[in-house]
Amino acid sequence: MASSKIDCYPYFHNLFDDVANVVINSGCGIGGDGNVGCDPESMRASAEAQLAALGYPRSLSLEAYTLGRYMHSEVGSGTIEERVAVGEAAVNRARREYGIMGSVNDLLLYRQNPKSACWPACAANRGKYGPIHGVGTGTSTAPYGRWAATSRDPSLKSLLIADLIVSGKSFDFSNGADDQDGPEAWINQGQASLTGYVQRLASKGKYWVGPLPGVDHWHTFLQFTPGPLVTNKAELLQRGIEALTLPAQRPQWDPNLPVCSKPIGASAAKIFAAVFGFLVGAWVFNKGMLRKAGQ
């Protein structure tokens with residue numbers, strides 16, 4: 001089992017302390033169809049202009065804007081670390097579902113397609129931001145075909161964090177997370193409910209990523225999907241059960257914990273694996289293109 005010892009906060013812990021807590025307003029509301037009414041590209045352009053006016057000029061990609069909306073909709077009040085981890089989870093999930101060139105836009109903006117279970121009812125939601133389920137449905141279903149909510153306008157801080165993640169400078173802080181839930185909502189249902197949740201995740205091949213500095217796992221339980229060569233899945237399952245054992249012990253992070261001098265997760269082995277995986281993916285993609293060209 002991986003060590004739970006945490007020696008420092010991630011290097012980006014203090015990067016956004018001085019950022020004003022303001023919302024980058026799109027001026028666009030959610031209609032009865034479950035969609036934010038404006039075109040995503042026009043919203044992105046408006047956000048880019050607002051960033052410049054606030055003293056943060058940059059070229060804001062649609063991917064970063066989409067990620068910022070997702071992060072703010074899901075954990076907008078969370079710590080810097082929590083937002084980074086949740087943002088990375090979306091990036092990792094997109095690559096898992098759509099390949100190494102997959103984008104969070106594929107996952108959060110264009111997920112609806114003829115192969116979706118919601119099709120054709122969700123066809124009108126493709127390419128639009130919005131909630132994950134309808135107001136008053138009382139269920140966790142997703143009639144709009146979305147993987148997660150993108151309904152809220154992002155804050156300045158969330159957009160800057162999203163830009164950091166998209167640029168690759170968060171360096172796998174989340175330990176490969178590709179999904180997340182909020183188990184604090186089930187505390188009152190008792191231990192059996194919490195243990196069953198962890199066991200159901202394991203039956204789907206998903207496990208808790210382990211403790212992360214600045215992240216309350218009761219508020220945001222981050223999961224990863226280990227590869228077929230991982231042999232300690234029983235230990236990973238037990239680690240998750242122990243993490244969600246009542247009474248709920250919220251992590252208390254030492255305010256004097258130092259900030260890491262190098263990125264958490266940016267070990268030489270991980271960097272090599274990421275570069276190697278990218279090169280292999282590019283080789284496979286190019287080979288396919290050459291084969292098609294030769295037909």
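1. Helices (H or I, at least four residues) and strands (E, at least two) are DSSP runs, numbered from the N terminus. This is a predicted model, in which local features need pLDDT of at least 70, side-chain atom pairs count only at pLDDT 80 or more, and totals for chains, interfaces and linings use all residues. Residues are numbered from 1 along each chain as its sequence is written, and side-chain values use heavy atoms, with hydrogens and water left out.

2. Two peptide bonds are worth checking. L246 and P247 are joined by a cis bond with omega about 0°; P247 sits in the loop between α7 (233–243) and α8 (268–294). W119 and P120 are also joined in cis, with omega about 5°, and P120 belongs to the loop between α4 (104–108) and α5 (156–166).

3. Most residues other than glycine have a negative phi, and most peptide bonds are trans. D172 has a positive phi, near 55°, and N175 has one of about 60°. D172 is in the loop between α5 and β1 (179–181), and N175 is placed in the loop between α5 and β1. N175, at 29%, is partly exposed.

4. The axes (lines fitted to C-alpha atoms over the stretch in contact) of α2 (residues 62–75) and α3 (residues 80–98) come within 10 Å and cross at roughly 125°. The contact (heavy atoms within 4.5 Å) involves, among others, L67 and Y70 of α2 and V86 and A90 of α3.

Terms used: Axes are lines fitted to C-alpha atoms, for helices over the stretch in contact, and angles run from 0 to 180 degrees between N-to-C directions. Buried means under 20% relative accessible area, exposed over 50%, partly exposed in between (1.4 Å probe, protein chains only).
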